[in-house]
Every structure is written in structure tokens, then in C-alpha cells.
Amino acid sequence: MLEHLQAAGQHRYNLCLQLNASIFVWVAAVAILAMIVCLGFCMPKSEADARDWSVLVLQYSTLYLLAAIPLVVLAVTLGTRTHEIIAFMVPVALLFLGLFGGIWLGPFLAQDDSLIGTLLWVVMPHYHLADLTPRLVFKMGPLPTADFFRTAGVLALEGAVFTLLGLCAFRTRS
């Protein structure tokens, strides 16, 4: 696919955008289908609960897209430079580190007396912030607006870093 687009005279970043756009369609489809299921089949009967449920599902979808799209960009761009298994495992490892590492390693890394621990805590991905499943399951309602925007900002900054790393790794020649 890259050879065909490059032969058509496409610029390097345009090639990367077109290649990633073919995957973004499926990432967005997962979010849309999840929203349809949650809003269409799992909506609470109470009007107040339904309003909170709708806002929470929209927040969850937004945070999912902010977390998933940069990892997909990283996987696709690493796939142009390395073998498929490496391109798959690096984003998966980052995802698991971000989902579970924050919970398990957080108490050890965020201690006040360790500069290295604090630095590792700051630079590690924080995808655990995007997991709103307990709020859905236990009907805790949506995140407060300030917390949601703070979480979205953190995930957007992490996403920008992973996207830029992916763009640096993107290669157009085979």
C-alpha cells in the first residue's frame, strides 16, 4: 500500500495519515458500536439516571479514542520499520503498563523521597484514567467536568507524544 501511494507522489506525512486513516475507521466503529449498545440496550429507566448514563458513555468513548488512536498510530508506524510482532507488542505493552502499572506500581513510584520513582511515575502512560468501567457498573455517574477535562488533557498529551514518536519511526521505503 505504501509503495502504491508513494508512486502516486504522496508526501511522507500524507502517506502516514492515509495509512492510519484506514485503521481509524475501525477504531471509531468500535466506539460507535459500544455507544449504540450502551445507549440503546443498557439505558436506565429513570430519566436522571439515563441522563447521567448518556454523559458517562460519551465520556468513556472520548477517553477510549484519546487512548486508542495514538497507540494505533504507533503500531502502524512501527510496522513500517520493524516486523509485525514488534509493531503489535510495543503498543500492547504500553497499554498494559498504562492500565495496570499505575495501579500496581503507583504506590512505589510516587513516594516523595525518590526522585527516580517520581520521574518514572510522570513518564509512564496513565491509561488507567481512561477506564470508567467501575463508574458504569456501579452507577457512580459521570466524572465531574473538571476531572474529565483534566483526564482528557493528560491522555491527549500522552497521545501527542506517542503520535510524534510514531511519526519519527515511520518509514516509506521497504
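Predicted model: local features only at pLDDT ≥ 70, side-chain atom pairs only at ≥ 80, totals over all residues.
Residues are numbered from 1 along each chain as its sequence is written, and side-chain values use heavy atoms, with hydrogens and water left out.

Back to the ring. Phe-96 is partly exposed too, because its relative accessibility is 46%. Both residues sit in helix α4 (residues 84-109), and being 4 residues apart there, Phe-96 and Phe-100 are separated by about one helical turn. A pair of aromatic rings is described by the distance of the centres and the angle of the planes. Rings of Phe, Tyr and Trp (taking its six-membered ring) pair if their centres lie within 6.5 Å; planes under 30 degrees apart count as stacked, over 60 as edge-to-face, and the rest as tilted. By this rule there are 3 aromatic pairs. Phe-96 and Phe-100 make a stacked one, with 5.9 Å centre to centre and 25° between the planes.

Now zoom out. The chain has 7 helices and 0 strands; here helices (H or I, at least four residues) and strands (E, at least two) are DSSP runs, numbered from the N terminus. The C-alpha atoms fill a box of roughly 55 × 50 × 25 Å, taken along the principal axes. Of the 174 residues in the chain, 33% are buried. Contact means heavy atoms within 4.5 Å, and among the chain's contacts with a separation of 6 or more, 70% come from residues 24 or more positions apart.

How do two of these helices pack? Two packed helices are described by the angle between their axes and the distance between the axes. Axes are lines fitted to C-alpha atoms, for helices over the stretch in contact, and angles run from 0 to 180 degrees between N-to-C directions. For helix α2 (residues 12-40) and helix α3 (residues 47-79), the angle is about 155° and the axes are 9 Å apart. That makes α2 and α3 roughly antiparallel to each other, given that angles under 35 degrees count as roughly parallel, over 145 as roughly antiparallel, 65 to 115 as roughly perpendicular and the rest as oblique. Sorted by class, the contact of α2 with α3 has 21 nonpolar, 4 polar and no charged residues. Ala, Val, Leu, Ile, Met, Phe, Trp, Tyr, Cys and Pro count as nonpolar, Asp, Glu, Lys and Arg as charged, and the others, Gly among them, as polar.

Asn-20 belongs to helix α2. With a relative accessible area of 2%, Asn-20 is buried. Leaving out residues up to four places away in sequence, Asn-20 touches Val-72, Val-73, Val-76 and Thr-77.

Further along, Thr-151 lies in helix α7 (residues 145-169), and at 11% relative accessibility it counts as buried. Thr-151 touches Leu-63 and Leu-129, again not counting residues up to four places away in sequence.

Last stop: Lys-139, in the loop between α6 (133-137) and α7. Its relative accessibility is 60%, so Lys-139 counts as exposed. The phi of Lys-139 is near 50°, a positive value in a residue other than glycine.

How values were computed
Buried < 20%, exposed > 50% of the residue type's maximum accessible area, 1.4 Å probe, protein only.
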